[in-house]
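Please brief me on the local features of this structure, grouped by topic.

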Amino acid sequence: MATYIVLLGPPGVGKGTQAKILSEKTGLAHISSGDLFRENLKNETDLGKLAKSYMDKGELVPDDVTIAMIKDRLSRADCKAGAILDGFPRTPVQADALQKLLVSLNGDVNVVPFITADPKILIERLSGRWTCKAQGHIYNEKFNPPKVAGKCDIDGSELYQRDDDKAETVTNRIKVYLEQTTPLIDYYRAQKKLIEIDGMQPIEKVTDKLLSAIKN
Ligand code: AP5
Ligand code: MG
């Protein structure tokens, strides 16, 4: 049976950072809904154009198109053993849809690590975030700087700052998270799948905690 891990937590808590590391360590595919939207945006697809109008404001893209995008992604060959979901589901409607979808893939959500952090640190992390253009490796000018400013340590590609990391958009993303995504904490707690992870620790410590949560 395939393994599906859902990483839950606010913007900037470290979902993408950890999902990338966990994917390398476990061999499970990393599926980031935000990265998929950004890829569509770069390729100027209709989905990308639609998503942009929401992402620019820090609002959620409508459930139906988001669910269809994830359904397509989960059906690809690299997800045969399962996946680490980063940024999806984000609403109860998406969580219900995922449950149904995984039944059809002969799987289930196995564990939901819920990464937490002090809201003040989230804004600091996002305003200092730099992402690699080629493969999405994530840095922070203060907490996790690249060896050479502006260049990815791993593949040498250029680093960029996300458009939605502007202060006013970040504030709305956090508000939207509190209003629309936090109901999933109780949703997965009721299913006994939720494991709280302190995201205020250094990146490697958070990874260790996540790996032991996944193993158990
Ligand atoms: P998305 O791309 O998913 O953004 P997000 O959820 O707001 O989360 P982030 O990617 O900003 O944060 P993260 O937790 O991944 O943190 P990271 O590891 O980068 O979504 C963007 C938009 O797309 C949404 O606003 C919405 O419009 C749309 N969207 C996406 N999914 C959707 C869905 N399911 N439904 C509808 N719409 C959707 O780390 C942040 C920074 O902190 C980095 O600089 C990193 O180096 C640093 N850092 C990480 N961990 C640590 C640590 N332990 N200590 C110190 N620094 C750290
Ligand atoms: Mg992310």
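The points below cover these topics in turn for what is a predicted model.

The axes of helices H2 and H4 cross at roughly 95 degrees. A separate open sheet is built from 3 strands with antiparallel pairing. The structure holds 0 disulfides, and a cis peptide bond joins Phe88 and Pro89.

**Helix packing**

- Helix H2 spans residues 33–42 and helix H4 spans residues 63–74, and their axes come within 11 Å.
- Angles of 65 to 115 degrees count as roughly perpendicular, and H2 and H4 are therefore roughly perpendicular to each other.
- On the H2 side the contact involves Ser33, Leu36, Phe37 and Asn40, which meet Thr66, Met69, Ile70 and Arg73 of H4.
- Sorted by class, the residues in this contact of H2 with H4 are 4 nonpolar, 3 polar and 1 charged.

**Strand pairing**

- The strand order in the open sheet is E6-E5-E7.
- Strand E6 (138–140) and strand E7 (159–160) are the edge strands, each pairing on one side only.
- Strand E5 (residues 129–132) runs antiparallel to E7, and 2 bridges join them.
- Thr131 has Tyr160 in E7 as its bridge partner.

**Cysteines**

- A disulfide requires two cysteine sulfur atoms within 2.5 Å, and the structure has 0 of them.
- The cysteine sulfur closest to that of Cys132 belongs to Cys152; at 3.9 Å, the separation is too far for a bond.
- Cys132 is buried, at 2% relative accessibility.
- Cys79 is also buried, with a relative accessible area of 2%.

**Backbone geometry**

- The peptide bond between Phe88 and Pro89 is cis, with omega about -5 degrees.
- Pro89 sits in the loop that lies between strand E3 (82–86) and helix H5 (92–104).
- Glu44 is a residue other than glycine with a positive phi, near 55 degrees.
- The loop between H2 and helix H3 (46–55) contains Glu44, and Glu44 is exposed at a relative accessible area of 60%.
- Asn106, a residue other than glycine, has a positive phi near 60 degrees.
- Asn106 is placed in the loop between H5 and strand E4 (109–116), and its relative accessible area of 55% makes Asn106 exposed.

Technical notes. Residues numbered from 1 in each chain as written. Chains lettered and ligands numbered in written order. Predicted model: local features only at pLDDT ≥ 70, side-chain atom pairs only at ≥ 80, totals over all residues. Heavy atoms only, no water. Axes fitted to C-alpha atoms, helices over the stretch in contact; angles between N-to-C directions. Helix = DSSP H or I, 4+ residues; strand = E, 2+ residues; numbered from the N terminus. Parallel < 35°, antiparallel > 145°, perpendicular 65-115°, else oblique. Contact = heavy atoms within 4.5 Å. Nonpolar A, V, L, I, M, F, W, Y, C, P; charged D, E, K, R; others polar. Buried < 20%, exposed > 50% of the residue type's maximum accessible area, 1.4 Å probe, protein only. Pairing = 2+ DSSP bridges.
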